[in-house]
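The sequence and structure are shown first.

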Amino acid sequence: MQVSYTSWFLDAFNYAIATNMDVLNLSIGGPDFLDLPFVEKVWELTANNIIMVSAIGNDGPLYGTLNNPADQSDVIGVGGIDYNDHIASFSSRGMSTWEIPHGYGRVKPDVVAYGRDIMGSKISTGCKSLSGTSVASPVVAGIVCLLVSIIPESMRKTILNPATMKQALVEGATKLSGPNMYEQGAGRINLWESYQILENYQPRASIFPSVLDYTDCPYSWPFCRQPLYAGAMPVIFNATILNGMGVIGYIESPPIWNPSDDVGNLLSIHFTYSDIIWPWTGYLALHMQIKDEGYQYSGLIEGNVTLTVYSPSSNGEEVHQSSTCVLHLKLKVVETPPRSRRILWDQYHNIKYPPGYIPRDSLDVRNDILDWHGDHLHTNFHIMYNMLRDAGYYVETLGSPFTCFDASHYGTLLMVDLEDEYYKDEIEKLRDDVLNEGLGIAVFAEWYNVDSMVKMRFFDDNTRSWWTPVTGGANIPALNELLAPFDIAFGDKILNGDFSINGEQSHYASGTDIVMFPKGGYLHSFEFQDNSEASATQNILSSGMTKVFPILGLIEVGKGRIAVYGDSNCLDGSHMVTNCYWLLRKFLDFTSRNIKDPVLFSDSSKTNKPLHVDKSQLPVRRTDVNFSSYSSVVGKDLICHRDARFEFWGTREYGIHQHIGRNRKLPVYQPIDMASDANTTMGLNLKSDEFTIQDSSRNHSEVIDRNKSRTSIDFLGLLNRDEVDVPMLMAGQWMIPLLVALTCFLLYLSWRMRQRRRRRRKGSVSGRLMNMV
């Protein structure tokens with residue numbers, strides 16, 4: 001493998017800027033989009049009006065394998081096709097993974113060009129055949145140079161810029177039939193069409209892609225694979241803003257949804273977008289949600305999203321340049337599916353490379369040591385996603401903590417290959433969701449062995465530092481804490497081998513074992529090779545001891561059901577040997593619908609006594625790693641992000657359950673405020689010590705942190721907020737009414753007691769008078 005250093009590229013980019021270069025091709029790339037000196041120098045280079053063209057990468061046909069800098073929005077990213085207009089197998093696929101887990105990736109590549117069996121010159125003499133996106137990229141760079149040449153040199157820097165050229169390329173490209181948007185981008189490069197666009201070009205802004213059409217399959221995959229419906233997590237579509245008017249731009253006012261008819265009012269869209277469009281590009285994310293009144297609607301919703309971009313005048317005039325962009329939407333909507341058909345995918349607790357050394361899941365794979373494909377339903381788990389849709393399931397993505405969803409809406413929470421920690425509130429809520437709400441959990445874990453992690457350490461010449469894994473294939477200590485209320489735990493073995501269940505052959509690739517499981521469940525064990533002590537840096541794992549290990553368990557707990565398995569490689573398209581989609585379907589049959597497969601629930605696999613080890617023998621966390629640098633949980637505030645339901649944005653919990661102790665819902669009171677909008681409601685969230693104002697007229701939340709001035713009331717220590725399930729009081733707007741009511745009540749009691757004493761004295765005197773008579 002060839003090695004290069006960031007400093008080399010910085011020198012080359014500085015030379016390009018100093019010599020006022022027009023076009024620069026870069027037939028290299030890598031997965032580290034957080035190499036900030038490199039990324040920021042690319043921004044500087046394009047900000048200096050240099051058009052950069054770069055190869056998207058040769059890591060196909062895997063998804064989520066875009067290389068940097070081609071995955072940057074200000075760079076023209078090029079994929080490869082063959083002479084039959086088929087996407088080359090080696091060409092990397094989108095989406096971008098910068099935005100995960102809280103957002104959604106952008107469409108890349110931008111365009112594709114011929115990149116297989118291309119004839120080129122040898123270094124010495126003659127010609128040779130070349131293949132790769134590194135070949136397709138200079139083809140596009142040559143086309144860009146031709147397009148640059150049609151503009152008079154005196155006007156070149158005024159009219160042409162990276163955004164202008166990308167507009168010409170993506171709007172002139174020919175869309176191929178078959179590949180989706182994350183395989184081909186806008187389509188095959190078309191020199192003539194792009195030339196005609198540039199011939200009469202006037203500086204403007206635009207959106208790419210300019211259309212999202214749920215009826216255009218497979219191009220609009222994955223959106224066309226699953227329609228919208230009421231009650232679902234928002235579907236996010238992340239488009240790129242191209243600003244051909246200037247290197248810097250601004251959005252004049254919030255984007256507007258313009259439905260084509262009244263049915264379109266069933267669609268609610270929240271927008272997030274770039275505060276500053278620089279250099280030349282920005283983003284526009286649509287968070288789309290069907291309103292609750294549309295739960296029985298089935299049909300199409302059409303309309304446009306418009307936004308206006310403006311840039312300062314380039315010639316010093318006071319009047320700025322302005323342009324209105326349009327994004328066309330054609331969305332398919334269905335009635336809300338039943339709970340048993342709805343699956344929630346946990347994206348929030350996934351950690352990928354970069355920023356940390358997150359190791360590969362299968363230790364058999366030597367040439368790809370990092371877990372960098374995003375671990376998303378639409379990247380390396382896209383085949384599994386298609387399988388679930390074919391099986392009739394509706395799959396939604398959770399990029400926020402477990403406190404941010406309503407378990408009563410979902411049959412199963414699907415947890416696959418997770419590396420992050422869990423908030424205490426998440427553990428408590430998930431326990432309640434399973435026991436009392438009937439939520440099912442399907443867990444696919446991974447290896448975790450500290451000794452092997454230490455052996456995987458390597459010295460990085462580029463950063464001049466030692467790199468060591470921050471966790472294993474999965475974070476087993478954290479997962480064990482999450483499953484502890486159900487007496488389930490995984491061990492620290494690294495197991496390899498093949499096994500069969502009812503004729504279904506499966507490969508166990510660096511999976512772990514189950515070491516704790518309750519009585520009354522169903523546990524399956526198989527013979528595997530234990531490579532826990534083997535060096536993970538060897539090409540092939542050392543031969544270990546062969547032994548029988550439990551790896552698969554199923555159990556009913558309260559109203560819910562849990563299924564656990566020690567390996568996720570059979571669901572991951574990256575380095576899969578054999579798939580286990582059959583097992584996932586059987587898991588979901590059980591967890592979502594309580595359908596029990598006779599083989600998985602055979603009498604011979606039923607546990608008559610609990611499987612148990614001392615807690616001191618469970619895998620432990622590494623103490624030599626600053627995990628907070630990579631975690632979305634450790635050292636972070638618990639908050640529902642913008643991929644949660646709109647009404648929960650910026651809060652700590654969805655507020656529907658009545659939890660025990662401090663996880664409870666408080667009544668919402670309508671304040672009397674003559675200066676505020678009548679649609680504003682106000683509520684308190686004890687769990688977060690936050691005061692939340694929800695303004696339904698503007699569809700956003702303002703969260704006021706009260707931690708610095710927290711005041712609680714505990715009447716003589718009689719109210720224990722962690723155990724007693726009674727309403728609790730906070731100082732605030734209720735304090736004065738409370739004290740007034742309490743004072744009145746005490747005055748009333750005092751008055752009653754005085755009255756009673758008077759009646760007693762009066763009765764006593766009357767009795768004495770009667771006796772005297």
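Does cysteine 127 count as buried or exposed? At 52% relative accessibility, cysteine 127 counts as exposed; the term buried means under 20% relative accessible area, exposed over 50%, and partly exposed in between, with a 1.4 Å probe and protein chains only. Cysteine 145, at 41% relative accessibility, counts as partly exposed.

The model is predicted: local features need pLDDT of at least 70, side-chain atom pairs count only at pLDDT 80 or more, and totals for chains, interfaces and linings use all residues. Residues are numbered from 1 along each chain as its sequence is written, and side-chain values use heavy atoms, with hydrogens and water left out.

## Disulfides

The structure holds three disulfides, a disulfide being a pair of cysteine sulfur atoms within 2.5 Å. With bonded cysteines counted along the chain, the disulfides follow the pattern 1-2, 3-6, 4-5. The table gives the pairs and their sulfur separations.

| Cysteine pair | S to S distance |
|---|---|
| cysteine 217 and cysteine 224 | 1.9 Å |
| cysteine 404 and cysteine 640 | 2.0 Å |
| cysteine 570 and cysteine 580 | 2.0 Å |

The disulfide of cysteine 217 and cysteine 224 is right-handed, because the torsion about its S-S bond is about 85°. Cysteine 217 is partly exposed at 42% relative accessibility, whereas cysteine 224 is buried, with a relative accessible area of 11%.

For cysteine 404 and cysteine 640, the torsion about the S-S bond is about -95°, so this disulfide is left-handed. Cysteine 404 lies in the loop between strand E17 (394–398) and strand E18 (412–416), and cysteine 640 in the loop between helix H12 (581–593) and strand E29 (680–685), so the pair ties together parts that are 236 residues apart in sequence. Helices (H or I, at least four residues) and strands (E, at least two) are DSSP runs, numbered from the N terminus. Cysteine 404 is buried at 0% relative accessibility, and cysteine 640 is buried at 2%.

The link of cysteine 570 and cysteine 580 is right-handed, with 55° about the S-S bond. Both cysteine 570 and cysteine 580 are placed in the loop between strand E28 (560–565) and H12, 10 residues apart. Cysteine 570 has a relative accessible area of 2% and is buried; cysteine 580 is likewise buried, with a value of 0%.

## Helix H5

Helix H5 (residues 162–172) is mostly covered, with 10 of its 11 residues buried. The buried residues include Met165, Lys166, Leu169 and Val170. At the start of H5, a side-chain oxygen of asparagine 161 reaches to within 3.0 Å of the backbone nitrogen of alanine 163.

## Salt bridges

The count comes to 22 salt bridges, where a salt bridge is a side-chain nitrogen of Lys or Arg within 4 Å of a carboxyl oxygen of Asp or Glu. One of them joins glutamate 183 and arginine 93 (3.9 Å, N to O). This pair links distant parts of the chain, 90 residues apart: glutamate 183 is in helix H6 (residues 181–184), and arginine 93 is in the loop between strand E3 (76–81) and strand E4 (111–114). Glutamate 183 is buried, with a relative accessible area of 14%, and arginine 93 is buried, with 7%.

Aspartate 597 and lysine 586 also meet in a salt bridge through their side chains (2.9 Å, N to O). Aspartate 597 sits in the loop between H12 and E29 and lysine 586 in helix H12, 11 residues apart. The aspartate 597 side of the pair is buried, with a relative accessible area of 15%, while lysine 586 is partly exposed, with 26%.

## Surroundings of arginine 622

Arginine 622 lies in the loop between H12 and E29 and is buried at 13% relative accessibility. Where does its side chain find polar partners? The backbone oxygen of proline 469 lies 2.7 Å from a polar atom of the arginine 622 side chain. The side chains of arginine 622 and aspartate 624 are joined by a polar contact of 2.8 Å, a polar contact being a pair of N or O atoms within 3.5 Å; within protein, one must be able to donate a hydrogen and the other to accept it, and residues adjacent in sequence count only if both atoms are side-chain atoms. Arginine 622 and aspartate 624 also form a salt bridge, with the closest N and O atoms 2.8 Å apart. Aspartate 624 is exposed, with a relative accessible area of 53%.

Leaving aside neighbours within four places in sequence, arginine 622 is in contact with Tyr448, Val450, Met453, Val454, Thr468 and Pro469, contact meaning heavy atoms within 4.5 Å.
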